[in-house]
Amino acid sequence: MTIPAPLAAVLAEIGVRFPELADDPVLAESLLDNVTSMISEAHERYAAGGGTASVVSDRYLDPAHLATGALHAEHAQHPAGAMLAAEMLFDAYLPVFVDEVDARTTAEVLRATRALHAGVWSRFPAGAIAYTEALRQRVTTTNLDSREQIARDLHDRVAHGVLAGLQRLDLVLLTDPDDGERVAQLESAARLLRGALTDVQDLALSLHARVGDDRLDDALRRHVDDLFPGDDRIAITTTGVAGTLPNWKAEEALTILLEALTNRRKHAPRSAATVEFAWSPTTVVVTVRDDGPGFTPGAVPEGRLGQRTMRERAGVLGARLDVESAPGAGTTVRLSVPRGAL
């Protein structure tokens, strides 16, 4: 497809301002399709004598526009970014559009302006609706996944530990009080019940994870001290000018990071771990590494390592989550969170 020079110039300008649109092939193609469609609709409105009717209300549930909004939500592109790109398109293309329709009189220029405005802005109510619905679905899915994870932990870890401890106690009650194995049986039961108690405490702390007025890195340090007391194999460092995140973002990010560290204790308990916060004006990137046994990606279901829930939470944040691992090479979890309020 040959892109007219004026339109190509506008798209290039939008790409510089919003590299996440230009760098993603799917979003870049969607941007081109949408801009082309907007301009085509503006020409149709102008040719039909339009530009004076309702701008958006007659198109706000157009299925194609809803699909575009869902696509942007899937790629964590907030409608505000699309609106800013639309403003750039309108400002830069209006003089071109006026020439294209050969508007000469003041009335014709006004009609052309309204036609282009309608062609551009008819997309956004549907996009906002689709984005909101996608976020609601993500939040619902994340909450359900979290509840399922808690249920699995209670069943597989807590209930199993309590049951095993009780079985040891039952065996003790059946043995002769003078049997030398009795003390060993009691000690074994105590270890199992203490482990179950630790699991309950971990779950309670995770459910009540709060950032409060702290920065994210300070909040993680505080919760690591509570969740992993005495574990001197976790090192947390910060580079760049540390700042704050909107509270809802910080809460979700903290939950993801604690899940990553809990996975390390479950699957690589003797490994050393580092957590590195790299702050920039626009993003905070948190990298969690351990030198444990690692795993083969794809060989272990994501649900077992909590990755599905972590990815859902990252999606709600508009963040990126990468998990890298290989047998014998440890595991790296990298979370990139945009610092904006949106």
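**Ground rules.** I number residues from 1 along each chain as its sequence is written, and my side-chain values use heavy atoms, without hydrogens or water. As the model is predicted, local features need pLDDT of at least 70 and side-chain atom pairs count only at pLDDT 80 or more, while totals for chains, interfaces and linings use all residues.

**The sheet.** I took helices (H or I, at least four residues) and strands (E, at least two) as DSSP runs numbered from the N terminus. I looked up the strand order and found an open sheet of five strands, E1-E2-E3-E5-E4, with mixed pairing. Strands E1 (234-239) and E4 (320-325) each have a single partner strand, so one side of each lacks a neighbour in the sheet. Two strands count as paired if DSSP finds at least two bridges between them. E4 and E5 (residues 331-338) pair in the antiparallel sense over six bridges. Val323 has Val333 in E5 as its bridge partner.

**Helix on the sheet.** I then checked helix H10 (residues 247-267), which packs on the sheet and touches E1, E2, E3, E4 and E5. Contact here means heavy atoms within 4.5 Å.

**Gly292.** I located Gly292 in the loop between strand E3 (283-290) and helix H11 (307-317). Arg264 is 28 residues from Gly292 in sequence, and their C-alpha atoms are 7.9 Å apart.

Definitions and conventions: Axes are lines fitted to C-alpha atoms, for helices over the stretch in contact, and angles run from 0 to 180 degrees between N-to-C directions.
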